[in-house]
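Hi everyone, thanks for coming. Let me put the sequence and the structure up on the screen, and then we can walk through the model together.

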Amino acid sequence: MKKVNLLILQAFIKPFLVTFFIVMFVLLMLFLFKYIDDLIGKGFQWYVILELLSYQCAVQLSMALPLSMLLSSIMTFGNLGESYELVAIKAAGVSLRKAMTPLFIVVGLFSAGSFLFSDYILPVVNLKMGSLLYDVRKKKADFFIKPGVFNNTIPGYSIRAKGKSEDGTTLHDLMIYEHPSGGTATNVTFAKEGYIQNSADNNYMVLELKDGVRYEDSRSENAKRYDPRQQFTRFRFKETTTKFDMGSFAMNRTDQELFRSHHQMLNLKQLRMYSDSNRIQIDSLERINSTEAKRYVNYYSDYFRNGNPGQTKAKVGLPDLEKNGQMRMAINNGLSQARQIKDMAVNREAEFSPYAEKDIRYDIEWHRKFTLAVSCLLLFGIGAPLGAIIRKGGLGLPVVMAIIFFLIYHVIATVSEKAAKDASLTPMWGMWMAIIVLTPLAIFLTYKSTSDSALFDADQYKIKAQAIWNKIIGFFNKKKEIKENKSSPA
């Protein structure tokens with residue numbers, strides 16, 4: 001048994017590592033394609049991109065680990081079945097279930113590790129990843145001049161150049177509009193050439209202008225308002241230098257404490273604490289709604305029954321109200337109170353909805369901590385017997401089968417989670433729906449693999465189909481013979 005266990009473990013570890021890194025690489029490429037516009041052209045240092053990708057690797061572990069577990073288990077037992085090693089193991093008196101025992105232990109350790117990872121490490125990674133990605137997306141693109149197009153990225157300036165050199169440091173036929181505080185342009189500068197360079201600390205962009213003219217509006221605000229005369233100042237220059245503050249282009253790191261209360265940044269203990277505090281708010285809003293509604297309804301009912309909300313002891317019926325001319329007044333007051341109740345409910349709903357949505361998100365995230373670990377066990381329970389049944393190794397049929405089953409799992413999990421977020425399903429059913437649906441399939445495949453069933457043998461299905469077809473033809477032929485015997489003369 002030790003040699004058998006060692007054989008199966010060695011056959012499993014290598015495909016698992018290969019498939020894990022392949023899946024992680026594919027997921028990272030999808031992440032880069034999604035945020036490529038937010039990363040290119042902003043002058044990030046290499047370590048910022050590397051930090052972002054390292055955080056994303058940890059975040060994508062929840063998808064990469066189950067998929068690689070499914071694919072590697074299919075490949076492992078497919079290779080063992082194709083090389084008849086499973087047949088030799090069974091011939092030695094070792095059942096397939098017993099041969100899978102060491103792998104179940106290894107997968108169980110992976111599942112326990114994934115649970116601890118999702119509870120202790122993943123919230124911290126989500127916090128750092130979320131804050132860094134927010135700063136990356138918020139950062140402006142580097143200053144870049146396109147010939148003939150105004151550039152407005154520097155606050156208070158609009159810059160246009162008709163042409164530029166190949167290295168981008170020399171600009172030709174420059175036009176610079178200066179419009180402080182978002183108003184109209186008050187100062188305009190024209191120059192035949194301009195040379196761009198950064199300051200030593202990269203906080204300023206220095207633009208050396210040559211052979212130009214500058215027009216300045218020297219009027220005060222009052223003069224601009226009351227004096228209709230054109231008062232401008234014109235300066236001609238051979239060479240001048242202009243500095244532009246590039247502080248708005250720097251990436252400023254946001255305080256991570258601003259993101260700490262998000263549901264994805266919390267572990268189980270914090271989720272329980274935030275969820276309890278949120279439900280206290282929900283209960284208080286529900287009590288306020290109930291109390292106010294009862295007060296209005298009691299007011300209306302007293303008025304309708306007694307003619308006066310304060311006189312509950314008087315017995316005044318509908319005929320008395322009609323005789324006294326107070327029937328219409330009572331109905332109008334009742335309608336007015338009903339409108340007030342409706343308006344109050346609408347206002348309270350706007351206040352109640354964020355707390356209800358938070359409660360759902362907290363519950364979803366609480367269940368997510370466990371579904372990652374269970375999904376690893378489930379997909380291994382599907383992949384291992386499936387590989388033993390199809391008996392094909394390599395990256396052909398096993399990859400196809402793995403993608404099909406993982407897509408089924410992922411689609412069910414995504415749709416049910418969305419339904420839980422929309423309150424169409426409870427968070428528990430929404431997060432566990434895929435596992436509940438696919439667990440019978442794992443049990444069925446395990447039973448078929450242990451009973452040496454050729455589930456995907458096309459020849460077997462052809463034989464069965466031919467036998468069924470022969471029975472059908474034989475039934476109709478027999479029926480035809482009986483009919484002919486009845487119609488023939490005695």
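Let's start in the sheet: which residue in β3 does L171 stand opposite? The residue opposite L171 is G194 in β3.

Before I go on, a word on the source. This is a predicted model, where local features need pLDDT of at least 70 and side-chain atom pairs count only at pLDDT 80 or more, while totals for chains, interfaces and linings use all residues. Residues are numbered from 1 along each chain as its sequence is written, and side-chain values use heavy atoms, with hydrogens and water left out.

Back to the strands. When I say helix or strand, I mean DSSP runs numbered from the N terminus, H or I of at least four residues for helices and E of at least two for strands. Two strands count as paired if DSSP finds at least two bridges between them. Strand β1, residues 157–164, runs antiparallel to β2 and is joined to it by seven bridges; here S158 stands opposite Y177 in β2. Strand β2, residues 170–178, then pairs with strand β3, residues 187–198, in the antiparallel sense over eight bridges. M175 has F190 in β3 as its bridge partner. Moving along, β3 pairs with strand β4, residues 204–217, again in the antiparallel sense, over eleven bridges.

D173 is partly exposed at 39% relative accessibility; the scale is buried under 20% relative accessible area, exposed over 50% and partly exposed in between, using a 1.4 Å probe and protein chains only. A423 also has a positive phi, about 70°, although it is not a glycine. You will find A423 in the loop between α12 and α13, where it counts as exposed at 51%.

Now for charges. Side chains of opposite charge can pair when their charged atoms come close. The cut-off for a salt bridge is a side-chain nitrogen of Lys or Arg within 4 Å of a carboxyl oxygen of Asp or Glu, and the structure holds nine of them. One of these joins the side chains of R214 and E178 at 3.2 Å, N to O. That pair links distant parts of the chain, with R214 in strand β4 and E178 in strand β2, 36 residues apart. D211 forms another salt bridge, with K238, the closest N and O atoms being 3.9 Å apart. D211 lies in strand β4 and K238 in strand β5, residues 232–245, so this pair ties together parts that are 27 residues apart in sequence. D211 is partly exposed at 38%, whereas K238 is exposed at 67%.

Over in helix α11, R361 and E357 are four residues apart, so about one helical turn separates them. Their side chains meet in a salt bridge at 3.6 Å, N to O. R361 is partly exposed at 23%, and E357 is partly exposed at 42%. There is also a network, in which salt bridges that share partners join E365, R368, E417 and K421.

What about D359, buried or exposed? D359 lies in helix α11 and is buried, with a relative accessible area of 15%. Leaving out residues up to four places away in sequence, D359 touches S275, N278, R279 and I282; contact here means heavy atoms within 4.5 Å.

On to the nonpolar cores, which are sets of buried Ala, Val, Leu, Ile, Met, Phe, Trp, Tyr and Cys residues joined through side-chain atoms within 4.5 Å. The largest has 43 residues, and L52, L70, I74, L378, I382, L386 and Y409 touch the most other members. Elements giving two or more residues to this core include α1 (2–34), α11 (327–390) and α13 (427–450). Beyond its neighbours within four places in sequence, L378 is in contact with Y409, A434, I435, L438, T439 and A442. A second, separate core of 20 residues includes F12, F77, L80 and A99.
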